[in-house]
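Have a look at it first, and then we'll go through it topic by topic.

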Amino acid sequence: MTDRFDAPLQKTPTLTEAVRRAFGKAFVFSGRAARAEFWKFALFSLLVNLVLVVIWSMIFGASVTTLQVTAPDGSTVGPFTQVRYSSGWLGTIFNLACLIPALSLAWRRLHDRDHRGWWILVPTLVPLIAMQLLMIFFFGISGYWSVLTGDGALHYAGQGAGLVPLFFLAMFAPSIYVFVQLVSSGTAGANRFGPPPYAGAP
């Protein structure tokens, strides 16, 4: 790491400065990151992904998937057509390149709020687990397996419908909590993770 990336910020970084700083400190999981650093890098990632979606869709078009739901009585509902636009392997390469810088930046951003960095993993892991359980309870094992294998049919089981609100609460509550931390200003002065990201900050 060069000194200019490790040095405290003298002012609010521009978009270019925030991106360069994020990549320059890609493997730094200690210290703190300012709110502007995090959100300007997020804006950069969003804009690039949108451009890649447009480019890929213009070249290869949209992906069309047809799904059909089979009820317990044997009747079918559908088919339902899903049209998805993606950035293809261009987006995959870009997002893989941004994965570690984004993770370390979010880690340091939570440090700025005096939270441990592993909290950034909670909005990913908890909803992922909750969604798998929701699929199993709502569509049954056969319906869940049809999604995994991509056979185009969901076999409705009607199980666990009463648990749906709990699953959605489990999916969104951790994300909302972490989002609030990411948009909030950092703690005043030094905290257990180091001095504030701005030089001369109280």
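Let's start with Arg32, which counts as buried because its relative accessible area is 6%; buried means under 20%, exposed means over 50%, and partly exposed is in between, with a 1.4 Å probe and protein chains only. Keep in mind that this is a predicted model: local features need pLDDT of at least 70, side-chain atom pairs count only at pLDDT 80 or more, and totals for chains, interfaces and linings use all residues. Residues are numbered from 1 along each chain as its sequence is written, and side-chain values use heavy atoms, with hydrogens and water left out.

**Salt bridges**

- The structure holds five salt bridges, a salt bridge being a side-chain nitrogen of Lys or Arg within 4 Å of a carboxyl oxygen of Asp or Glu.
- Arg32 meets Asp112 in one of them, at 2.8 Å from N to O. This pair ties together distant parts of the chain, with Arg32 in the loop between helix H2 (15–24) and H3, and Asp112 in helix H4, 80 residues apart. (Helices are DSSP runs of H or I with at least four residues, strands are runs of E with at least two, and both are numbered from the N terminus.)
- Asp112 is buried too, because its relative accessibility is 4%.
- Asp112 also has a salt bridge with Arg109, where the closest N and O atoms are 2.7 Å apart. Through shared partners, salt bridges join Arg32, Arg109 and Asp112 into one network.
- Arg109 and Asp112 both sit in helix H4, three residues apart, or about one turn of the helix. Both of these residues are buried.
- Over at Lys11, there's a salt bridge with Glu17, with 3.4 Å between the closest N and O atoms. Glu17 is partly exposed, because its relative accessibility is 36%.

**How H3 and H4 pack**

- The axes of H3 and helix H4 (residues 88–112) come within 11 Å and cross at roughly 170°. Axes here are lines fitted to C-alpha atoms, for helices over the stretch in contact, and angles run from 0 to 180 degrees between N-to-C directions.
- The two helices, H3 and H4, are therefore roughly antiparallel to each other (angles over 145 degrees count as roughly antiparallel, under 35 as roughly parallel, 65 to 115 as roughly perpendicular and the rest as oblique).
- Residues making the contact include Phe38, Phe41 and Phe44 of H3, and Phe94, Cys98 and Arg109 of H4; contact means heavy atoms within 4.5 Å.
- Phe41 belongs to helix H3 and is buried, because its relative accessibility is 3%.
- Leaving aside residues up to four places away in sequence, Phe41 touches Ala18, Val19, Ala22, Phe23, Cys98, Pro101, Ala102 and Leu105.
- The C-alpha atoms of Phe41 and Leu15 are 7.1 Å apart, while the two residues are 26 apart along the chain.

**A nonpolar surface patch**

- Helix H6 (residues 164–183) supplies the largest share of the patch, six residues.
- Trp39 is in helix H3 (residues 35–60), and it's partly exposed because its relative accessibility is 33%.
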